[in-house]
Amino acid sequence: MKAFVFPGQGAQFVGMGKDLYDNNPVAREMFEKANEILGFRITDLMFEGTDEDLKQTRVTQPAIFLHSVILAKTLGADFNPDMVAGHSLGEFSALVAAGALSFEDGLRLVAARATAMQKACELKPSTMAAVLALPDEKVEEICEGIDGVVVCANYNCPGQIVISGEIEAIDAACEKLLAAGAKRALKLKVGGAFHSPCMEPARAELAEAISATEIHTPMCPVYQNVDALPHTDPAEIKALLVAQLTAPVRWTQTVKNMIADGATEFVELGPGKVLQGLVSKIDRSVAVSGLQ
């Protein structure tokens, strides 16, 4: 069985999607439609901008979404998933590719999500840190013992967790994690504490937009970040999309569940190769590939 997976924030690069735009009329039309919906030429920033341009959350999230979704569209009949999943932002790409959301509605939601998250980041200084080579349970235990907000945000693969929260709490947690034997506990260059309680203002704002958006039954099960389980019911999909902003991304559990349900091949659609690497670390027996 074939699983298609979609990357999240951090996979962007200057020039992303340009080949699609230059060589495929369907892709070009979708990119231009996106420029119109967003109210600025995101294609200029994607194709010829700077790394700094692409790091802005309001640009990064729609850029990665567009690259992934348009790529899936140009595959035509070759996009034949038995199941799909996306990492954080990539969940929106997965839902559009699987037909649960229209392209236009998906892009509007991603833009609203990016704006809401940016605003939440500006309310209170916060950050994230990557933790390597400690068991999940140990990282959770240390985070729970820290004063202030610090939680596990991304369970990326065995031995690789990202924690998220207030800067002082992250600093204190990193110190204790290193003392407990972590190979690395390194702060990331991100705008704020994604997938943590610090995103509560953004979650409340996005809930309204998601509530007002029509979601259809997807063509195949969508494994969602919050519970790592397959979903096809539009009401469940909506509820989990809202919860996702403050809940952890359970990527390790998601991939394991997809494999348990029959996935033998994973194809990453979108910029970078991050998910291919993570899937291989979770289970080396499955085939991985990607398209950019």
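By class, the second largest pocket is lined by eight nonpolar residues, one polar and one charged. Here Ala, Val, Leu, Ile, Met, Phe, Trp, Tyr, Cys and Pro count as nonpolar, Asp, Glu, Lys and Arg as charged, and the others, Gly among them, as polar. The lining consists of Met30, Val69, Ala72, Lys73, Gly76, Phe79, Val96, Ala97, Phe103 and Met219. Two elements, H5 and helix H6 (90-97), each give two or more residues to this lining, and the largest share, three residues, is from H5. Helices (H or I, at least four residues) and strands (E, at least two) are DSSP runs, numbered from the N terminus.

The model is predicted: local features need pLDDT of at least 70, side-chain atom pairs count only at pLDDT 80 or more, and totals for chains, interfaces and linings use all residues. Residues are numbered from 1 along each chain as its sequence is written, and side-chain values use heavy atoms, with hydrogens and water left out.

A pocket is found on a 1 Å grid over the protein atoms alone, as an open set of points where a 1.4 Å probe fits, with protein on both sides within 12 Å along at least five of seven lines; lining residues have an atom within 4 Å of a point. A volume is the space filled by probe spheres set on the points, which are joined across faces, edges and corners.

| Pocket | Volume |
|---|---|
| Largest pocket | about 810 Å³ |
| Second largest pocket | about 200 Å³ |

The largest pocket has 31 lining residues, and Gln9, Gly10, Ala11, Leu188 and Val190 lie nearest its centre. Among the elements that give two or more residues to this lining are H5, helix H7 (103-123) and strand E3 (126-132). Its lining divides into 13 nonpolar, 15 polar and three charged residues.

Helix H5 (residues 57-74) also packs against another helix. Its axis and that of helix H2 (residues 25-38) come within 10 Å and cross at roughly 150°. Axes are lines fitted to C-alpha atoms, for helices over the stretch in contact, and angles run from 0 to 180 degrees between N-to-C directions. H2 is therefore roughly antiparallel to H5, a term for angles over 145 degrees, while under 35 is roughly parallel, 65 to 115 roughly perpendicular and the rest oblique. On the H2 side the contact (heavy atoms within 4.5 Å) includes Val26, Ala27 and Met30, and on the H5 side it includes Pro62, Leu66 and Val69. Its residues divide into ten nonpolar, one polar and one charged.

The axes of H2 and H7 come within 11 Å and cross at roughly 45°, so the two helices are oblique to each other. Met30, Lys33, Ala34, Ile37 and Leu38 in H2 meet Phe103, Glu104, Leu107, Arg108 and Ala111 in H7.
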